[in-house]
Amino acid sequence: MASCVPWVDNIIELSDSYKVSHYKQYPPGTEYVYSYFESRGCDNEGWDSVCFFGLQYFLKRYLLGPVVTREKIDEAAEIYAGHFSGDGVTPNLTMFYFEGWEYILSQHGGKLPVAIKCVPEGMVIPNKTVLFTMVNTDPKCFWLTNYLETLLVQVWYPMTVCTNSRYQKLTIEKFLEETGNKDWAIPGGTTFKLHDFGFRGVSSVESAAVGGCAHLVNFCGTDTVAALRGARKYYNAPGCAGNSIPASEHSTITSWGQDGECNAMKNMLEKYPQGLVACVSDSFDIFRACKDYWGGALKGLIKGRITENSFGRLVVRPDSGDPAETCLAVIKILLEQFAEDVTPTKTGHLLLPPYIRVIQGDGVDWQSIPKILQVLKDNNIAADNIGFGSGGALLQKLNRDTFKCAFKCAEITTNGVPRDVFKDPITDQGKVSKKGRLTLQLASETTGYAEADVYKPRQGADGVAGGTGFLHYTPCGKYVTVSSGKGDPAKDILVEVFRDGALLKDWTLSEIRQRADTPHGPFAPS
């Protein structure tokens with residue numbers, strides 16, 4: 001074999017096996033199946049909302065245009081014939097819905113006859129709120145709606161990464177404000193305070209691109225190059241959506257030997273005399289490196305990085321030990337070694353001179369960041385002294401159950417008559433689903449209803465299945481998901497983004513960043 005083996009997508013094969021059999025299982029006369037996607041909640045303390053992001057990637061990557069072809073139908077028919085063989089030998093030629101896919105090819109030119117609406121990407125919305133809906137547009141393709149569930153529910157991943165990243169941004173912003181930060185515009189404030197180190201720690205290159213792009217909704221720092229291509233190709237980002245700097249790894253430092261560590265560090269300063277440069281400093285003794293090397297033998301080179309005509313900064317990277325204890329010790333040493341240029345912030349917290357900072361890239365997640373920053377604050381140290389790098393905890397240490405994401409059928413139309421559909425298992429009330437056609441509206445615009453119209457869940461095992469009422473208010477009282485088709489389409493926040501193979505709305509990363517930004521964030525319009 002002399003060349004790479006490419007992966008060729010086949011939409012017919014991008015589904016769970018059992019869904020191949022579902023076209024036979026709906027009631028006779030079924031014409032339309034309407035389903036929706038939501039977060040059913042989160043167990044992480046304080047994570048009461050999601051930042052919706054990523055659906056556009058899946059639409060552009062997998063659903064646009066004529067995605068069903070003769071070759072793909074034939075390939076899927078062959079695979080499923082063998083896959084559904086009961087004895088592992090005899091092909092099963094009856095399970096695959098050959099006629100259904102043939103119909104899409106002949107009558108729709110291979111384009112998928114479904115309509116999808118979603119909340120605007122980048123919108124921050126409370127949990128247990130409708131996020132996107134899908135319904136078939138051709139009554140002969142009723143089976144297609146939930147066939148596509150497998151693929152589109154994967155939006156849980158970029159949505160969860162984006163939300164995870166944003167909660168960390170809020171934490172960093174809080175401590176920056178409390179310790180006297182005054183510069184919030186790019187490149188200051190939170191802009192580069194959480195750097196994506198996650199490429200090697202994710203399950204695939206696609207995960208790196210999609211998850212890395214989700215992080216770029218909130219920050220500008222990344223070492224996940226795949227995310228740059230993802231942002232440009234699928235979210236219309238001009239140029240590079242993320243930035244990085246030259247930095248060492250342990251191999252480039254330890255290859256000089258233990259006795260040559262200081263020379264290795266000097267080499268970093270000399271090879272990159274201007275701009276920012278980061279150097280891992282814990283190969284042997286992080287405290288010696290900070291006191292004797294950075295704050296001693298190499299101090300003059302560091303201080304000389306800022307001149308009338310140029311700006312430079314060394315970023316010291318500890319990479320082991322207890323994160324809070326190590327960061328505190330490292331910054332204390334640097335404050336002492338560079339004491340002549342240390343300044344107080346407006347709140348009196350100590351700030352290193354602009355030519356030196358610290359980045360913690362080990363053990364960093366949404367729980368450790370506030371612990372580190374609280375320890376620094378308690379020791380009168382400004383949060384702006386430190387940035388963070390996060391890898392697996394940013395892009396990988398999460399799953400579909402982090403936000404309990406689910407896609408459920410809410411309405412079915414048989415012989416021209418629509419009917420609400422829902423589930424409400426007595427063994428788990430947290431899995432109750434919403435009924436009927438859904439609209440997402442501002443509560444302030446949803447008036448004229450009675451108290452009985454407010455949704456109330458089933459009361460006990462013998463209560464009304466599915467609950468009563470149709471107004472699903474968010475805990476904050478700002479939004480309401482109106483179910484059972486009783487909403488006002490003119491007030492619907494959901495936007496139609498896809499219909500019959502065509503993309504109807506093409507969000508840009510820039511507008512998504514603005515929509516998702518935090519109070520002191522760098523992306524809000526000036």
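These notebook entries record what I looked up in the structure.

**Entry 1. Model.** I worked from a predicted model.

**Entry 2. Aromatic pairs.** I began with the rings and found 22 aromatic pairs in the structure. I looked up Trp47 and Phe403, which form a stacked pair with 5.8 Å from centre to centre and 20° between the planes. I then located the two partners along the chain. Trp47 belongs to the loop between β1 (30–39) and β2 (49–51), and Phe403 to the loop between α15 (392–395) and β13 (405–414); the pair thus links distant parts of the chain, 356 residues apart. I checked accessibility next. Trp47 counts as buried because its relative accessibility is 5%. Phe403 also counts as buried, because its relative accessibility is 0%.

I took Phe58 and Tyr62 as a further pair; these rings are stacked, at 6.3 Å centre to centre with 20° between the planes. Phe58 and Tyr62 are about one helical turn apart, because four residues separate them in helix α1 (residues 55–63). In general, an α-helix has 3.6 residues a turn, so residues three or four places apart point the same way. I noted that both Phe58 and Tyr62 are buried.

I also recorded a cluster: Tyr23, Tyr97, Trp101, Trp143 and Tyr147 are linked by ring pairs.

**Entry 3. Lysines over rings.** I noted Lys299 over the face of Phe338, 5.5 Å from the ring centre. I noted Lys486 likewise over the face of Phe470, at 5.4 Å from the ring centre.

**Entry 4. Helix α8.** I listed the buried residues of helix α8 (residues 225–235): Ala226, Ala227, Leu228, Gly230, Ala231, Tyr234 and Tyr235. Which helices do the buried residues of α8 pack against? I found that they pack against α1, α7 (205–215) and α16 (509–516). The helix α1 in that list is the one that carries Phe58 and Tyr62. After α8 comes Asn236, and I recorded its positive phi, near 55°.

**Entry 5. Largest pocket.** I turned to the largest pocket, which holds about 1400 Å³ of space. Its lining comprises 47 residues, and Phe192, Ile245, Leu276, Val315 and Ile359 are the closest to the pocket centre. I looked up the elements that give two or more residues to this lining: β6 (194–196), β7 (275–280), β8 (312–317), β11 (356–360) and β12 (386–390). Which element gives the most to the lining of the largest pocket? I found that β7 does, with four residues. By residue class, I recorded the lining of the largest pocket as 18 nonpolar, 15 polar and 14 charged residues.

Methods:
Residues numbered from 1 in each chain as written. Predicted model: local features only at pLDDT ≥ 70, side-chain atom pairs only at ≥ 80, totals over all residues. Heavy atoms only, no water. Phe/Tyr/Trp six-rings, centres within 6.5 Å; stacked < 30°, edge-to-face > 60°. Buried < 20%, exposed > 50% of the residue type's maximum accessible area, 1.4 Å probe, protein only. Lys NZ or Arg CZ within 6 Å of the ring centre and 35° of its normal. Contact = heavy atoms within 4.5 Å. 1 Å grid on protein atoms, 1.4 Å probe; cavity = no way out; pocket = protein on both sides within 12 Å on 5 of 7 lines; lining within 4 Å. Points joined across faces, edges and corners; volume = space filled by probe spheres on them. Nonpolar A, V, L, I, M, F, W, Y, C, P; charged D, E, K, R; others polar.
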